[in-house]
Amino acid sequence: MIVQTPDWVKHAVFYQIFPDRFAQAAIPRKKLLSSDRWEQWDLPPSLQGYKGGNLWGVIEQLDYLQDLGINAIYFTPIFQSASNHRYHTHDYYQIDPILGGNPAFEEMLKAAHQRNIKVVLDGVFNHASRGFFQFHDILENGPHSPWLDWFKIEGWPLSAYDGSKPANYVGWIGNRALPQFNHDNPQVREFIMEVAEYWVDFGIDGWRLDVPFEVKTPGFWKEFRERVKAVNPEAYIVGEVWGDSREWLDGTQFDGVMNYLFAGSTIAFTAGDRVKMELVEGPSYSPYPPLFAKEYGEKIKALLDLYPWDIQLTQLNLLDSHDTARLITIAGGDKVTVQLATLLLFTFPGAPSIYYGDEVGLEGQLDPDSRRAFPMKESWHQDVLDYHKKLIAIRHQYQALRIGSYKILYAEGIVYGFARCLENEEVMVWVNSGTEPAHIHCTVTDLKTCPNRLIYGEGKISWKPEDEHTELEVYIPPRQGIIVANF
């Protein structure tokens, strides 16, 4: 079958925003709560506290994002909820009033689109919350509720809050706060489809799907794709699946997944034995044990062989997220690890995604610490921001880095080199993750030109053409990466 994915995603640089922690409006448009109810912005976050970030604040930061080179935003949930992360959805048709409600979102969406910035929302469709109207009706009316079949009720009475008693209903991962939908119920299925259609018709550019692998109903995500794409064929559908995702990436369901397989391997290569294993959770996201270049190349090749090429180009690539510790902290504060990994992120097939604050050096251990408030300007690491801007600009400049082929040129010891090629445009990337200088001599047979213009990093490169191949010599200083282009 022909796989069709949204073309704009192939050229996108995403920025992931956790709304409560990214920005507060300098001038509040609507004051629902006094400011003394918010946790202090620059103090460590707590599991249940609110910092008071809102969508008006996002609007005020759109120029910053545009200057950074961002052209797509992925928001973690923004619908009405009784939690700071908003994965406990109360109302799928209302933006949380703390964030500014539907008016703030409408203005933010318009302002983003005026800057050619796409907006993708987080769809939590596996489970709802105790405050979701249909579930709340069951809590009030018990077996008399007309909504019983919307959830997985196992007995009576329900105990939604008292952990000493059986819950008597299925909550996601046993969490009573997250009653799991009964997706086999056609009414539930239709409700979710209509929510998805509504917001795409409203103007959003796609959905990121929370734990979609938990939905076992046959054909559910195929219908989801058909319904969403009927409203906007270019809408992006990306699933939160941490491992091998071939089950969902056959061209009939998702356009991509959050590419934790790329993240784990890339961190293992660039961080090596600096990885703080106590900050790593989950078997799929495994930046350990350390990888040498050959092993890294093998993992990258295996990853690129998993899915159709058009799917590879619309993967959502990342190094960390709200569900992980931040890379700078995982790597024990080693800034070079982050720089090398970021270089590999922005030169890999698929859409790179920055977790808010990473571009200015924000640290963070596991949740809730990974969800710190965006730092004040005086705390920014300007060098980190500078190389982010430079790498984003290079990616935007060279189509080969966005949709070109990927060819591994060299993978030995601690040095990894590859080329991205598109027609006559060829870009080479070399990374030396070791602590000693690297002098590389290798034979290249599958490049048309001799990329020799250094556009990023410090190093040297020279070519010696032969009859049927080219001898390449590369020098890379310790723990550095370079990008070389042919024009």
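A cavity, in these legends, is a set of grid points where a 1.4 Å probe fits but cannot get out, and its lining residues have an atom within 4 Å of a point. Please keep in mind that every view shows a predicted model.

**View 1. The largest cavity and its lining.** Let us start inside the protein. How many cavities of 30 Å³ or more does a search of the whole structure find? There is one, and the volume of the largest cavity is about 30 Å³. Around this space you will find Trp242, Leu279, Val280, Glu281, Tyr285, Asp323, Thr324 and Leu366. Five of these lining residues are nonpolar, one is polar and two are charged.

**View 2. The largest pocket, with about 780 Å³ of space.** Here we turn to an open space. The largest pocket is lined by 30 residues, and those closest to its centre are His85, Tyr87, His88, Asp367 and Arg371. Sorted by class, the pocket lining comprises eleven nonpolar, eleven polar and eight charged residues.

**View 3. Helices H5 and H6 packed together.** H5 covers residues 186-202, and H6 covers residues 220-231. Their axes lie 9 Å apart, at an angle of about 30°. An angle under 35 degrees counts as roughly parallel, so H5 and H6 are roughly parallel to each other. Their crossing is right-handed. On the H5 side, look for Arg189, Glu190, Ile192, Met193, Glu194, Ala196, Glu197, Val200 and Asp201, which meet Phe220, Glu223, Phe224, Arg227, Val228 and Val231 of H6. Which classes make up this contact? Eight of its residues are nonpolar and seven are charged, with no polar residue taking part.

**View 4. Helices H11 and H12 side by side.** H11 spans residues 335-345, while H12 spans residues 382-397. The two helices pack at an angle of about 10°, and 10 Å separates their axes. H11 and H12 are therefore roughly parallel to each other. This pair also has a crossing, and the crossing of H11 and H12 is right-handed. H11 contributes Lys335, Val338, Gln339, Thr342, Leu343 and Leu345 to the contact, and H12 contributes Asp383, Val384, Tyr387, His388, Leu391 and Arg395. Together, the contact holds six nonpolar, three polar and three charged residues.

**View 5. The cis peptide bond between Trp156 and Pro157.** Most peptide bonds are trans. The bond joining Trp156 and Pro157 is cis, with omega about -5°. To find the spot, follow the loop between helix H4 (133-141) and helix H5 (186-202), where Pro157 sits.

**View 6. The cis peptide bond between Tyr288 and Pro289.** Tyr288 and Pro289 are joined by a cis peptide bond whose omega is about 5°. Pro289 belongs to the loop between helix H7 (260-271) and helix H8 (293-306).

**View 7. Val211 and its positive phi.** Most residues other than glycine have a negative phi. What is the phi of Val211? Although Val211 is not a glycine, its phi is positive, at about 35°. You can pick out Val211 in the loop that runs between strand E6 (206-209) and helix H6 (220-231).

Technical notes:
Residues are numbered from 1 along each chain as its sequence is written. This is a predicted model: local features need pLDDT of at least 70, side-chain atom pairs count only at pLDDT 80 or more; totals for chains, interfaces and linings use all residues. Side-chain values use heavy atoms; hydrogens and water are left out. On a 1 Å grid over the protein atoms alone, a cavity is a set of points where a 1.4 Å probe fits but cannot get out, and a pocket is an open set with protein on both sides within 12 Å along at least five of seven lines; lining residues have an atom within 4 Å of a point. Grid points are joined across faces, edges and corners, and a volume is the space filled by probe spheres set on the points. Ala, Val, Leu, Ile, Met, Phe, Trp, Tyr, Cys and Pro count as nonpolar, Asp, Glu, Lys and Arg as charged, and the others, Gly among them, as polar. Axes are lines fitted to C-alpha atoms, for helices over the stretch in contact, and angles run from 0 to 180 degrees between N-to-C directions. Helices (H or I, at least four residues) and strands (E, at least two) are DSSP runs, numbered from the N terminus. Angles under 35 degrees count as roughly parallel, over 145 as roughly antiparallel, 65 to 115 as roughly perpendicular and the rest as oblique. A crossing is left-handed if the near helix is turned anticlockwise from the far one by less than a right angle, and right-handed if clockwise. Contact means heavy atoms within 4.5 Å.
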